[in-house]
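This report describes selected features of a single model.

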Amino acid sequence: MNQVVDPGDTVIDATVGNGHDTVYLAKLVGSHGHVFGFDIQQRAIDNTAKALQAARLTPKVTLTLAGHETVGKLLTAEQPVKCAVFNLGYLPGGDKNIVTKPATTLSAVKTIQQHLVTNGVIILLLYAGHPGGQQEAQAVIDYVSRLDQHRFQVLRYHFINQINFPPDLIAIQKR
Ligand SMILES: C[S@@+](CC[C@H](N)C(=O)[O-])C[C@H]1O[C@@H](n2cnc3c(N)ncnc32)[C@H](O)[C@@H]1O
């Protein structure tokens, strides 16, 4: 994120959760940039609002209690986006049955792709250790594997010496 986000950029935290990535992004966009944050749980929105308040970053972020698949409603047609982060799965410390889903995750990714500026990046953290996680990770990998290499570079960071289900990180960069 810090390699691509510059002060003044518009970025998206597609799954704010406890707000760690939101705060990090809000610092990166500086005084003239903006973060759009989404989560379907009131608890996540509240936790993130508190984290932003503590860091005095509240004005930098628009928090929306809705699925990231609605992102197209918030962005104007011409709105350039530099970076979007999807930290998939369930809210740490929350209800493990409320998880991101392949159809809505991919819908949001496709919408954001249309707004991505050259060199802009969509980052997805894939977790396969919870029910449905493996299917979601596979759906994302299937989709990004087929993206036109002339338009997008797709990288997969994969831990090869960790037991159980270490997360995979996917980075889609617009060429
Ligand atoms: C792994 S957590 C995010 C952690 C967060 N990035 C942080 O720094 O704490 C995943 C979050 O995605 C949320 N979520 C599930 N489905 C969603 C959707 N369709 N749109 C937005 N958020 C969703 C969950 O409520 C949960 O808070």
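Q153 stands opposite Q173 in β7. The two strands involved, β6 (residues 152-158) and β7, run antiparallel and are joined by 7 bridges. On pairing with β5 (residues 116-126), strand β7 (residues 168-174) is again antiparallel, here over 6 bridges. Strands count as paired if DSSP finds at least two bridges between them. The elements themselves are DSSP runs numbered from the N terminus: helices are H or I runs of at least four residues, and strands are E runs of at least two.

The model is predicted, so that local features require pLDDT of at least 70 and side-chain atom pairs count only at pLDDT 80 or more, whereas totals for chains, interfaces and linings use all residues. Residues are numbered from 1 along each chain as its sequence is written, and side-chain values use heavy atoms, with hydrogens and water left out.

**Salt bridges**

A salt bridge is defined here as a side-chain nitrogen of Lys or Arg within 4 Å of a carboxyl oxygen of Asp or Glu.

| D6 | K82 | 3.1 Å |

D6, D9 and K82 belong to a network of salt bridges. The closest N and O atoms of D6 and K82 are 3.1 Å apart. Because D6 lies in the segment before β1 (10-13) and K82 in strand β4 (residues 81-87), this pair ties together parts that are 76 residues apart in sequence. Burial is classed by relative accessible area, with buried meaning under 20%, exposed over 50% and partly exposed in between (1.4 Å probe, protein chains only). On this scale D6 counts as partly exposed, at 40% relative accessibility, whereas K82 counts as buried, at 13%.

Since D168 lies in strand β7 and R156 in strand β6, the pair ties together parts that are 12 residues apart in sequence. D168 is classed as buried, with 7% relative accessibility, while R156 is partly exposed, with 48%.

**Ligand surroundings**

Which residues come nearest to the ligand? Of the 22 residues around the ligand, these are N18, D21, D39, Q41 and H68; a residue is taken as near if one of its heavy atoms lies within 4 Å. Polar contacts are pairs of N or O atoms within 3.5 Å. In one of them, a polar side-chain atom of Q41 lies 2.8 Å from an oxygen atom of the ligand. The backbone also takes part: an N or O atom of T15 lies 3.1 Å from a ligand nitrogen atom, and an N or O atom of H20 lies 3.2 Å from a ligand oxygen atom. The protein buries 96% of the 600 Å² that the ligand exposes when taken alone; accessible areas come from the Shrake-Rupley method with a 1.4 Å probe.

**Backbone and loop positions**

N119, although not a glycine, has a positive phi of about 75°. This residue is found in strand β5 and is partly exposed, at 46% relative accessibility. N164 is likewise not a glycine and has a positive phi of about 60°. Its place is the loop between β6 and β7, where N164 is exposed, with a relative accessible area of 65%.

Is L57 buried or exposed? L57 is buried, with a relative accessible area of 11%, and is found in the loop between α2 (42-54) and β3 (61-65). Leaving aside neighbours within four places in sequence, L57 is in contact (heavy atoms within 4.5 Å) with V23, A26, K27 and L52. L57 and N2, 55 residues apart in sequence, are 17 Å apart in space, C-alpha to C-alpha.

Methods: A polar contact is a pair of N or O atoms within 3.5 Å; within protein, one must be able to donate a hydrogen and the other to accept it, and residues adjacent in sequence count only if both atoms are side-chain atoms.
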